[in-house]
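Biologist: I'd like a close look at one part of this protein. Could you walk me through the pockets?

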Amino acid sequence: MGFCAPALAHFADVHAFGGPQLPRTEAPASLQLADQSTKTGTTHFGGTDPMSRNLQHPLTRRGFCLCCLGTSAAFIGGWLSPRSAYAEARGLVTVIKDSAASSPIVTHKLRGNLSVLEGSGGNVAVLTGSEGKVLVDAGIGVSKPQMSKALAQLGAEPVTHLINTHWHFDHADGNSWLSAAGAKITAHINTRKYLSEVRRVEDWDYNFLPLPEGGVPSDVFEDALALKLNGISLGLKHYGPAHTDGDISVTFAELDIVHVGDIFWNGSYPFIDYSTGGSIDGTIAACETSIAAATDKTVIVPGHGPPVSNRVELGDYRDMLVAVREKVATLKRQGRTRDETVAAKPTASFDARWGNFVIDAGFFTRLVYEGV
């Protein structure tokens with residue numbers, strides 16, 4: 001599961017709550033940014049390569065939106081963990097949806113006719129062209145007004161195709177309105193299953209109801225699917241059990257861009273949904289798969305966090321997952337209980353970079369402990 005994406009512009013940034021800024025990460029020269037402007041809600045990439053950037057995007061205003069809980073919970077010195085948030089304000093999913101109703105949408109123009117919309121749940125990729133707009137993920141339904149405006153600014157074409165990377169509400173809740181607007185929805189077969197039934201995610205103390213019939217994917221696949229839309233070859237590939245057991249990647253071949261969904265949370269510890277087949281080992285394996293398929297020039301769109309990434313950053317994320325998994329597994333083999341493992345702080349060397357946002361160090365340690 002992911003969360004409402006950009007922290008709302010009218011809420012204070014991380015520094016106001018005492019949270020540290022993420023360390024800056026240098027990218028390969030091929031991805032260096034020449035110019036960036038977000039004054040009009042659109043990020044423009046300058047330089048000879050329209051995808052160039054320096055990756056110095058701290059998660060202060062645009063990251064995950066747990067900061068919105070500051071409106072309903074007393075909150076000093078950093079971010080509330082998910083369970084702490086529930087103690088202060090029941091119904092975290094509801095709070096996230098409510099915040100998405102007013103969250104601004106920021107458009108990042110990538111290569112060619114591909115852009116990413118940030119602000120309604122997970123990062124939403126948009127491929128424009130004569131065959132209509134093709135979306136990867138749908139965001140949260142209450143963002144429809146802002147999403148509609150952002151989509152209209154990309155061109156007059158209707159949305160004709162929608163691909164879900166997995167079933168979580170911050171990626172698929174918008175399915176219903178997009179389907180009503182004419183989009184055909186494609187996803188992994190497990191995603192259709194979960195969107196068609198009541199699903200309880202115990203870690204979030206929430207029962208997700210099935211989507212209305214129109215919002216459930218009509219076209220499904222098990223391993224891989226190839227599409228050709230708007231002159232671009234799209235490759236949809238199932239990762240196997242990872243963040244869930246229905247995660248897929250979507251590769252835009254001619255553009256050398258891949259949307260990897262929630263197997264990659266750029267700048268944050270991830271959530272792993274064991275209730276629908278998630279796995280720490282599968283998440284690591286999925287990262288390995290995408291790293292192996294990428295080059296130094298490949299643009300990688302994560303499910304959450306700064307929406308324009310690359311193989312270097314995904315590699316750093318993979319290395320963190322591997323190291324934390326090994327530390328937690330070692331403690332578990334020694335007979336440590338879950339709480340004792342959390343108290344040992346196996347993530348300590350990574351917390352400054354990865355542990356200041358939605359999934360805190362203790363919560364992530366418990367997730368890893370469950371899977372080793």
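Which element gives the most to the lining of the largest pocket?

Modeller: That's β12, with four residues. Before the details, bear in mind that this is a predicted model, where local features need pLDDT of at least 70, side-chain atom pairs count only at pLDDT 80 or more, and totals for chains, interfaces and linings use all residues. Residues are numbered from 1 along each chain as its sequence is written, and side-chain values use heavy atoms, with hydrogens and water left out.

A pocket here is an open set of points on a 1 Å grid over the protein atoms alone, where a 1.4 Å probe fits, with protein on both sides within 12 Å along at least five of seven lines; lining residues have an atom within 4 Å of a point. The largest pocket comes out at about 220 Å³, a volume being the space filled by probe spheres set on the points, which are joined across faces, edges and corners.

Its lining has 16 residues, and S249, T251, V258, S290 and A293 lie nearest the centre. Besides β12 (232–238), at least two lining residues each come from β13 (248–252), β14 (257–265) and α7 (280–293). Those labels are DSSP runs numbered from the N terminus: helices are H or I, at least four residues, and strands are E, at least two.

By class, the lining of the largest pocket splits into seven nonpolar, seven polar and two charged residues. Nonpolar covers Ala, Val, Leu, Ile, Met, Phe, Trp, Tyr, Cys and Pro, charged covers Asp, Glu, Lys and Arg, and the others, Gly among them, count as polar.
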